[in-house]
Amino acid sequence: MNLKLKLTSAAALLLGALSIAPTFAQETPEFDTVSGSVAYLQRIAMPPDAVLTVRVEDVSRADAHAPVLAETREPFGTRQVPIAFSLKVPSAAIDPRFSYAVHATIKVGGELRFTTTRSYPVLTRGAPNQVDLVLDAVPSTPAETTMPAMEAASMANLKDTYWKLVELDGARIVTASPQKREVRITLASEGSRVIGFSGCNQFTGGYTQDGNTLRFTQMAGTQMACVPPVMKLESQVLKMLNATTGYHVEGEHLTLLADTQVLARFEAVYLR
């Protein structure tokens with residue numbers, strides 16, 4: 001066998017070996033990390049079996065179910081809020097044209113007790129990857145929230161209480177079916193911050209309180225559109241908050257005032 005034939009045969013064997021050799025190299029998936037903390041304002045300790053769930057959701061379409069990009073779910077155990085979280089979102093699943101937000105819930109025995117009610121955007125459109133979530137209490141059933149008058153009176157405080165709107169401009173407020181959620185406010189003692197739901201959108205802002213005087217400032221909220229009756233109610237609620245100059249708490253009832261004029265009445269809602 002001449003040298004040329006030997007070289008040709010060797011080259012053929014080498015090519016054959018390369019063609020059947022397995023490929024072990026794999027692409028390493030890339031992730032964007034979304035982290036932060038979860039807390040609520042009420043002075044309530046969660047039992048060890050309470051479950052905290054945090055999700056990163058695609059909220060690009062307000063009228064559609066929000067797809068989940070990443071989720072963590074774990075019991076409280078010995079922990080109490082604030083609780084840190086960290087989620088890894090596949091980079092390939094993130095579209096810079098879309099909007100994403102973090103949603104969190106706390107359940108006890110399968111019953112929802114706390115949830116995010118405002119939007120916490122992340123990842124795109126200039127939003128950060130680190131957010132501190134403040135969850136709001138979810139009202140229990142009427143049977144669970146009924147309390148003796150003396151007990152309720154001792155618990156109701158202006159601050160750190162879930163206040164449900166029951167009367168506005170002298171008219172009784174009933175939650176309409178398109179609205180689904182009740183109008184409510186919570187005045188956080190930490191940071192002098194008010195958060196709430198005005199009928200269609202979540203809102204937040206600041207407040208100043210001195211004695212029986214009370215004013216709301218720098219109000220801002222989400223910008224979803226709802227049916228006209230709900231939008232009208234929301235406009236009245238925001239106008240009422242901007243006009244507030246004082247308040248009065250009696251038992252489990254909060255009255256907001258403009259000087260001596262009654263603007264609105266609220267009832268306290270408690271979790272058992």
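On a 1 Å grid over the protein atoms alone, a cavity is a set of points where a 1.4 Å probe fits but cannot get out, and its lining residues have an atom within 4 Å of a point. The model here is predicted: local features need pLDDT of at least 70, side-chain atom pairs count only at pLDDT 80 or more, and totals for chains, interfaces and linings use all residues. Residues are numbered from 1 along each chain as its sequence is written, and side-chain values use heavy atoms, with hydrogens and water left out.

**Exercise 1.** Find the residues that line the largest cavity.

*Solution.* Start with the search of the whole structure, which finds one cavity of 30 Å³ or more. Now pick out the lining: T117, R118, D136, R184, I195, G196, Q202 and F203. Two elements, β12 (193–197) and β13 (202–210), each give two or more residues to this lining; strands are DSSP runs of E, at least two residues, numbered from the N terminus.

**Exercise 2.** Describe the largest pocket by its volume and its lining.

*Solution.* A pocket is an open set with protein on both sides within 12 Å along at least five of seven lines. The largest pocket has a volume of about 1000 Å³. Its lining counts 40 residues, and E57, V59, R181, Q202 and M224 lie nearest the centre. Finally, look at the strands: β5 gives the most to this lining, with four residues.

Methods. Points joined across faces, edges and corners; volume = space filled by probe spheres on them.
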